[in-house]
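This report goes through selected local features of one protein model. Please keep the sequence and the 3D view open while reading.

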Amino acid sequence: MTLEGARERRVRTGGVELCVAELGDASNPTVVLVHGYPDSKEVWSEVASRLADRFHVVLYDVRGHGKSTAPQPLRGGFTLEKLTDDFLAVADAVSPDRPVHLVGHDWGSVQSWEFVTVERTKGRIASFTSMSGPSLDHFGHWINKRLTRPTPRRVGQLLGQGAKSWYVYLLHTPVLPELAWRGPLGKRWPKILERVEKVPGGDYPTSSLPTDAAHGAWLYRDNVRARLRRPRPDAYAHARVQLITPLGDAFLSERLYDGLEEWAPELVRRTLPAKHWIPRTRPDQLASWITEFVTAKEDDPVTPTGTGKYAERFGGQLVLVTGAGSGIGRATAFAFAEAGARVVAVDRDAESAARTAELARLIGAPEAWAETVDVSDGPAMEKLAAKVAGEYGVVDVLVNNAGIGLSGSFFDTTPEDWKKVLDVNLWGVIHGCRLFGKQMAERGQGGHIVNTASAAAFQPSKALPAYSTSKAAVLMLSECLRAELSGQGIGVSAICPGLVNTNITSTAHFAGVDAVEEKRRQKRSARLYGLRNYPPEKVADAILRAVVRDQAVVPVTPEARGAHLLSRFAPRALRAVARLEPPL
């Protein structure tokens, strides 16, 4: 594997020669990416290519990995002190006059914690982004606290992390790890990553993997036991730190970072519903978070970032909302923007979608884009899904919200009316779930689908046969899809609002009446909904809460909650209500 467009140089330090690759304009802020075990610098290729437009991106093979030479002898050649020497040599070579922004994953993060907490690197690091790799000093203090002041909860945390660290014990055994990596494990590792971690196939890992992994065993042997036994008491970060924690990490517990603010006072926390190898599985989101964090450090004033109550959960995630030009869709796009998500605002009205995206950026979205599509158009939706995946990444949260209103008796509702409402309200949801949901499933890192149904899904009405049927179908589709995707970490929620003050009433079609009467009924319905005045922002908040809690069916307004209860416990009462004329 090669890093396309990269410039390579060799840096000599401490008896080894490091292979250093650079992308982007060297006059831009420098971001140094440090790889983990058993990787080489190429693990960062997808992230690096996304950062190169704005930064001077530097990647280097850690000693004994990739194209860098190994120390002789191996024992004692991988200590944190020598790894710090390597980092300083690289930083001095690529950015002699400016501090660098440091990013580490796995063992790249472990050693980077050393870099950012020792005295001799002060002034050389502007910021540090850590993922899936704790400081060994902090880890040692974390263990000691649970051993000296045990509680049932702390003991459980200690045992849980001990079980996750099974591989560390094996790597301390002599010879066996080397034999395994140079033999069957090295050959099977790419397929293991594809199957277990859902890492996309291709030319990663590189052919140097067996040798890299054999050499890298000394990272553990030279450092882990010694540092955990005697953790440094002064391991405080002297640069701003961003912690990205993948919640599905099989090797590290989220609880391992409890109390980290003690060691990194300017800590920014991010969580990600993904597994361990996020540089390969979630490069879009990592690039977004790194860009935001580095830019916030470099710029004054800083660019807007998400500050909403769900910012830690949704910051940097890619969220696509259909029907985002107004009403519930626009409010939902804004709510995700406030939480720091990257937003794709989709609407059939190009001007409305563009306005939503523009305001989303002002509110807090690090990036927001407008796309124009009719959700009922299957081929157009396929093109949209391909464009979004190719230009923005795989969607983390999909909100199928686009819908239209239709009122009128069954016999006044023409086949054309039926087709139109089902095409938008049902087929639009089907297209979104099928196309974007499939991308989520193939990525294998989870996600969430939200389908906007309605209280009409479980509350029959003689005046809403087509509309209610379409929304009941959306509700059942959501339930079926939730069952199918549950084993893949993809949640599905059906949101069921009641009377919400949006413009759906002013654009709804009334079957069986002339244009004048239809306009009168639209105004009457809009007036009634306005008097009810339930804001779409409350529905948007319910949508974010549903994703966080992974709720299946969410009635939103009081009347929706009441109708939902009646549908379960007193359906005859609902049938009586169905005979009344609703406002829509």
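A226 and L136 are 90 residues apart in sequence, and their C-alpha atoms are 9.6 Å apart in space.

## Basis of the model

This is a predicted model, in which local features need pLDDT of at least 70 and side-chain atom pairs count only at pLDDT 80 or more, while totals for chains, interfaces and linings use all residues. Residues are numbered from 1 along each chain as its sequence is written, and side-chain values use heavy atoms, with hydrogens and water left out.

## Salt bridges

A search of the whole structure finds 30 salt bridges, each being a side-chain nitrogen of Lys or Arg within 4 Å of a carboxyl oxygen of Asp or Glu. One of them joins D61 and K41, with the closest N and O atoms 2.8 Å apart. D61 sits in the loop between β4 and α2 and K41 in the loop between β3 and α1, so this pair ties together parts that are 20 residues apart in sequence. Both D61 and K41 are buried.

R482 and D550 also meet through their side chains in a salt bridge (3.1 Å, N to O). Because R482 lies in helix α17 (residues 465-485) and D550 in the loop between α20 (536-549) and β17 (553-555), the pair ties together parts that are 68 residues apart in sequence. R482 is partly exposed at 21% relative accessible area, and D550 is partly exposed at 34%. K191 and E194 form a salt bridge with 3.9 Å between the closest N and O atoms; they are 3 residues apart in helix α8 (residues 184-197), and so are separated by about one helical turn. K191 counts as exposed at 53% relative accessibility, whereas E194 is partly exposed at 30%. Finally, E81, E114, D137, R227 and R232 are linked in a network of salt bridges.

## The second largest pocket

The second largest pocket has a volume of about 890 Å³. Of its 41 lining residues, R50, P283, D284, A287 and R342 are the closest to the centre. A pocket here is an open set of points on a 1 Å grid over the protein atoms alone, where a 1.4 Å probe fits, with protein on both sides within 12 Å along at least five of seven lines; lining residues have an atom within 4 Å of a point. The volume is the space filled by probe spheres set on the points, which are joined across faces, edges and corners.

Helix α11 gives the largest share of this lining, 8 residues.

## Backbone geometry

Most residues other than glycine have a negative phi, and most peptide bonds are trans. The peptide bond from Y37 to P38 is cis, with omega near 0°, and P38 is in the loop between β3 (30-34) and α1. Another cis bond runs from Q72 to P73, with omega near -5°.

S132 is not a glycine but has a positive phi of about 55°. S132 lies in the loop between β6 (125-131) and α4 (136-148) and is buried, with a relative accessible area of 3%.

Note on methods. Helix = DSSP H or I, 4+ residues; strand = E, 2+ residues; numbered from the N terminus. Buried < 20%, exposed > 50% of the residue type's maximum accessible area, 1.4 Å probe, protein only.
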